[in-house]
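I open this notebook to keep track of what I look up. Entries follow in the order in which I took them.

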Amino acid sequence: MTDHSIKLAKLLLSGEEQLAISHIHSILTENDRLTLYEDLLTPAMTYIGQLWERNEITVADEHLATAICDFIISDFEFRSSIGEQGNRKKVMLFGVEGEEHYIGLKMAAAVFQEFGWSVRYLGPNLPLRHAETAANVWQPDVIAMSAALSYRLPMLKQSIQVLSHTAGQPTLLIGGRMAPLVHFEKEAAPGQVITMSNLRELQSWLALAEKGVGTINAFS
Amino acid sequence: MPFLKTGLAIPIFAINTDLEILKSNDTAKSVLAGAQTILDVIEEESRPKAVMNLLRFETIKALEINALSSSGNILLADLYVAWSEENIGEVLIVEKDKAVQKVSEQLNSLRSRLNDTNFELLEAKETAEELLHENIKLSSPFIEVTDTIALIPIYGGLDKTKTELIASTLSRRAYLSEVETLILDFTAVGHIEQSGLQGLESLLKVLQLLGFSVVIAGLHPQHVQEWNDMNFTLDIRFMKSLKSAMENLLAVQQT
């Protein structure tokens, strides 16, 4: 946890979106998405989670900080030029049914966009049957989903089972706080599931996918 | 412990230092999940926070946690604890005011509406891009009017992207045909951008290299001004209108 992130967390909690943005500009030397997301915003949000555990802030404070964080990401993405549109592989992202945490998902969507993917970001708490319909209609190459809380694991497993059988046999990416705890991928959908513990990992995976190595079905 | 007899609509527990529930009032039994220890009424993700604070055996004022209701729902609540000299902890779990939850639900629905709108805009943008591309492809049809003459009427404004696309389709199409003369008709062309003009110059070069004789017809007065500024070195015939171009070419053919 750096001082930068702690200061940023305080600005998020106080609802000062403009001050938070100028603070970010004072640290970022260039338009570096990964540094902003992985080294500034994510630690700041983790720190906010710790403040709640220490009973120093309430859930309401967390919600405000999340909204400000969301605003910062939208603002950053609006100002960044999107990469080459040549790729056009398709990805659909959503938070599993019941899951309301979505900031990480939104960041992941932006990383896909940077690589020129056609992105459908469906937001948090998407009912599985909607996800299934969307996957069958749009037939994405990759479906990325996330879960932040342990009691979403059964839902995550069910989602993997259902979505692995949708048209186009998409690769399933699992992210979020629960990603490292997902051990059931093999039995649920053999050879189709990859877990991502952070955005840098996603970035390298996408770079490899671009070259057509080190990935599974959609790219082999 | 007299508090257990009160009819207060707040769940109240007595716990020991192992956090086991010794007693609870009626409200606790009806509102919250059935429990052996106080942790059983606290939702999993809130347990570490509760344990950390309870095991200090100090008075706790308003520790925010998620409690589990008797129907299995999650209730955002404040937990209060006071320890007696006999190491008995009195625990109160007070559900939070719904106002925060309401505002947060409203925020969520606003956010999802924004997301939907964003999504619709994205789809509209993609459709518009496809239409534009299709439109450009159709804006320079290749029409063979006689065995040796082809007419290419160009439609709309000209910029870099459009001239590049026209150049690639037109040179291929012309190469595959038997014609010798190409009439590029500018009657339906609107504004020509500088970048479009440069693209046009390279297109004309390609057509001449392929051995075509090129006639430009139907330029507007403002086009002429722009073409003049271009310093054209190419040998191209200009005709006032498509009509005069056709008459001229046909007359030449007949002689």
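**Entry 1: salt bridges overall.** I note at the outset that this is a predicted model. I ran the salt-bridge rule over all chains, and the count comes to 16. I then took some of the pairs in turn.

**Entry 2: Arg33(A) and Glu114(A).** I looked up the pair Arg33(A) and Glu114(A), a salt bridge whose closest N and O atoms are 2.9 Å apart. Is Arg33(A) buried or exposed? I find Arg33(A) buried, with a relative accessible area of 8%. Glu114(A), at 33% relative accessibility, counts as partly exposed. I also record that Arg33(A), Glu114(A) and Glu77(A) are linked in a network of salt bridges.

**Entry 3: two further pairs.** I checked Glu56(A), which forms a salt bridge with Arg54(A); their closest N and O atoms are 3.1 Å apart. In chain B I looked at Glu247(B) and Lys243(B), whose side chains meet in a salt bridge at 3.5 Å, N to O. Both residues lie in helix α7 (residues 242–254) of chain B, four residues apart, about one turn of the helix. Glu247(B) counts as partly exposed at 46% relative accessibility, whereas Lys243(B) is exposed, with a relative accessible area of 60%.

**Entry 4: contact between the chains.** I turned to the interface. The contact takes 26 residues from chain A and 24 residues from chain B. About 1900 Å² is buried between the two chains, and carbon and sulfur atoms give 49% of that area. Which three residues supply more than any other three of the area that chain B buries against chain A? I get Glu45(B), Lys49(B) and Arg111(B), which supply 30% of it.

I count three salt bridges between chain B and chain A. One side-chain pair that meets in a salt bridge is Glu123(B) with Arg120(A), at 3.7 Å, N to O. The polar-contact rule finds 10 residue pairs across the interface of chain B and chain A. On the side of chain B that touches chain A, the elements giving two or more residues are α2 (47–54), β3 (60–68), β4 (74–83) and α3 (98–138) of chain B. The largest share of that side, nine residues, comes from α3(B).

**Entry 5: nonpolar cores.** I looked up the largest nonpolar core, which has 52 residues; Leu12(A), Tyr37(A) and Leu93(A) are among those with the most contacts inside it. Helix α3 (residues 33–53) of chain A gives the largest share of this core, 11 residues. Another core, of 26 residues, lies apart from it and includes Phe186(B), Ile192(B), Ile216(B) and Leu219(B). I went back to Leu93(A): leaving out residues up to four places away in sequence, Leu93(A) touches, among others, Leu105(A), Phe112(A), Arg120(A) and Ala144(A).

**Entry 6: chain B as a whole.** I list seven helices and 10 strands for chain B. Of the 255 residues in chain B, 39% are buried. Chain B exposes about 14800 Å², with 54% of it supplied by carbon and sulfur atoms. Among contacts in chain B between residues at least 6 apart in sequence, I find that 55% join residues at least 24 apart.

Conventions:
Residues are numbered from 1 along each chain as its sequence is written. Chains are lettered from A and ligands numbered from 1 in the order in which they are written. This is a predicted model: local features need pLDDT of at least 70, side-chain atom pairs count only at pLDDT 80 or more; totals for chains, interfaces and linings use all residues. Side-chain values use heavy atoms; hydrogens and water are left out. Buried means under 20% relative accessible area, exposed over 50%, partly exposed in between (1.4 Å probe, protein chains only). Contact means heavy atoms within 4.5 Å. Accessible areas come from the Shrake-Rupley method with a 1.4 Å probe; for residues, only the protein chains shown count as cover. A nonpolar core is a set of buried Ala, Val, Leu, Ile, Met, Phe, Trp, Tyr and Cys residues joined through side-chain atoms within 4.5 Å. Buried area is the accessible area (1.4 Å probe) that two parts lose on being put together, summed over both. A salt bridge is a side-chain nitrogen of Lys or Arg within 4 Å of a carboxyl oxygen of Asp or Glu. A polar contact is a pair of N or O atoms within 3.5 Å; within protein, one must be able to donate a hydrogen and the other to accept it, and residues adjacent in sequence count only if both atoms are side-chain atoms.
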